Amino acid sequence: QEQLVQSGAEVKKPGASVKVSCKTSGYTFTGYFIHWVRQAPGQGLEWMGWISANSGDTKSPQTLRDFQGRVTLTRDTSISTAYMELSRLTSDDTAVYYCAAVIAGQGHIDYWGQGTLVTVSS
Amino acid sequence: QSALTQPASVSASPGQSITISCTGTSSDVGGYNYVSWYQQYPGKAPKLMISDVTKRPSGVSNRFSGSKSGNTASLTISGLQAEDEADYYCCSFTTRSTLVFGGGTKLTVL
């Protein structure tokens with residue numbers, strides 16, 4: 001059974017950074033792209049980027065968005081875990097952050113993590 | 001990358017059918033057959049309902065179907081049931097190898 005298990009909820013102060021982990025099991029980690037999607041309270045889904053679990057290549061939205069340059073995606077293949085770090089947090093970054101797995105060569109998300117609530121508050 | 005355009009809400013009575021549209025551009029919806037649809041209940045992670053425009057994953061009811069014409073994709077739910085009340089999001093792969101979501105549609109079963 002494929003599973004993505006994320007780290008627990010975080011409370012951060014404005015200007016700080018947060019790092020969310022996503023541990024996968026049940027499938028070959030390097031055969032997937034791990035995407036990160038966030039959802040602010042009462043809002044829709046917002047794609048943040050992906051990392052190839054195999055090569056470590058990353059891709060993020062190419063617009064002047066709030067998190068342009070603030071998102072760092074990494075992975076550790078030895079423990080089948082992906083990470084998303086978001087820096088220079090503001091209250092607008094308060095959201096549930098999901099990791100999600102896409103099979104290499106496919107264009108849809110097969111599996112989702114349970115979500116991690118990140119609250120940014122002074 | 002602008003979000004795909006979906007209606008904010010739709011509603012219908014049990015047993016009826018509804019269609020949710022998802023409009024993009026030739027750089028996303030119109031450029032690939034990689035349109036997917038997700039169902040999300042409050043407080044839960046999204047669930048894949050349709051992949052590759054028309055494919056239904058194992059376990060998803062055949063009351064759910066997808067289609068596409070040009071830059072607009074659609075999700076149709078027939079024989080509405082109370083359990084279908086949820087938020088629905090479309091998603092497309094893009095020519096820049098990114099993903100883009102629609103704004104979401106809240107389905108109310110009256």
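A: Across the interface of chain B and chain A of this predicted model, the rule finds zero salt bridges. Polar contacts do occur there: eight residue pairs, with both partners at pLDDT 80 or more, are in polar contact across the interface of chain B and chain A.

On the side of chain B that touches chain A, two elements give two or more residues, namely strand 3 (35-40) and strand 8 (99-101) of chain B. Strand 3 of chain B gives the most to that side, with three residues. By class, the side of chain B that touches chain A holds eight nonpolar, seven polar and three charged residues.

Counted by residues, the contact takes 18 from chain B and 20 from chain A. Counted by area, chain B and chain A bury about 1,700 Å² between them, and 61% of this is on carbon and sulfur atoms. Within chain B, the residues that lose the most area to chain A are Pro46(B), Leu99(B) and Phe101(B), which together make up 31% of what that side buries.

Strand 7 of chain B provides the largest share of the lining, three residues. Sorted by class, the lining of the second largest pocket has eight nonpolar, nine polar and four charged residues.

In chain B, Ser97(B) lies in the loop between strand 7 and strand 8. Ser97(B) is not a glycine, yet its phi is positive, at about 60 degrees. In chain A, Ser80(A) is placed in the loop between strand 7 (71-76) and strand 8 (81-86). Ser80(A) also is not a glycine and has a positive phi, of about 50 degrees.

To return to the request: the interface of chain B and chain A has eight residue pairs in polar contact and zero salt bridges by the rule, with 61% of the buried area on carbon and sulfur atoms.

Notes: Residues numbered from 1 in each chain as written. Chains lettered and ligands numbered in written order. Predicted model: local features only at pLDDT ≥ 70, side-chain atom pairs only at ≥ 80, totals over all residues. Heavy atoms only, no water. Contact = heavy atoms within 4.5 Å. Buried area = accessible area lost by both parts, 1.4 Å probe. Salt bridge = Lys/Arg side-chain N within 4 Å of Asp/Glu carboxyl O. Polar contact = N/O pair within 3.5 Å; in protein donor to acceptor, adjacent residues only side chain to side chain. Helix = DSSP H or I, 4+ residues; strand = E, 2+ residues; numbered from the N terminus. Nonpolar A, V, L, I, M, F, W, Y, C, P; charged D, E, K, R; others polar.
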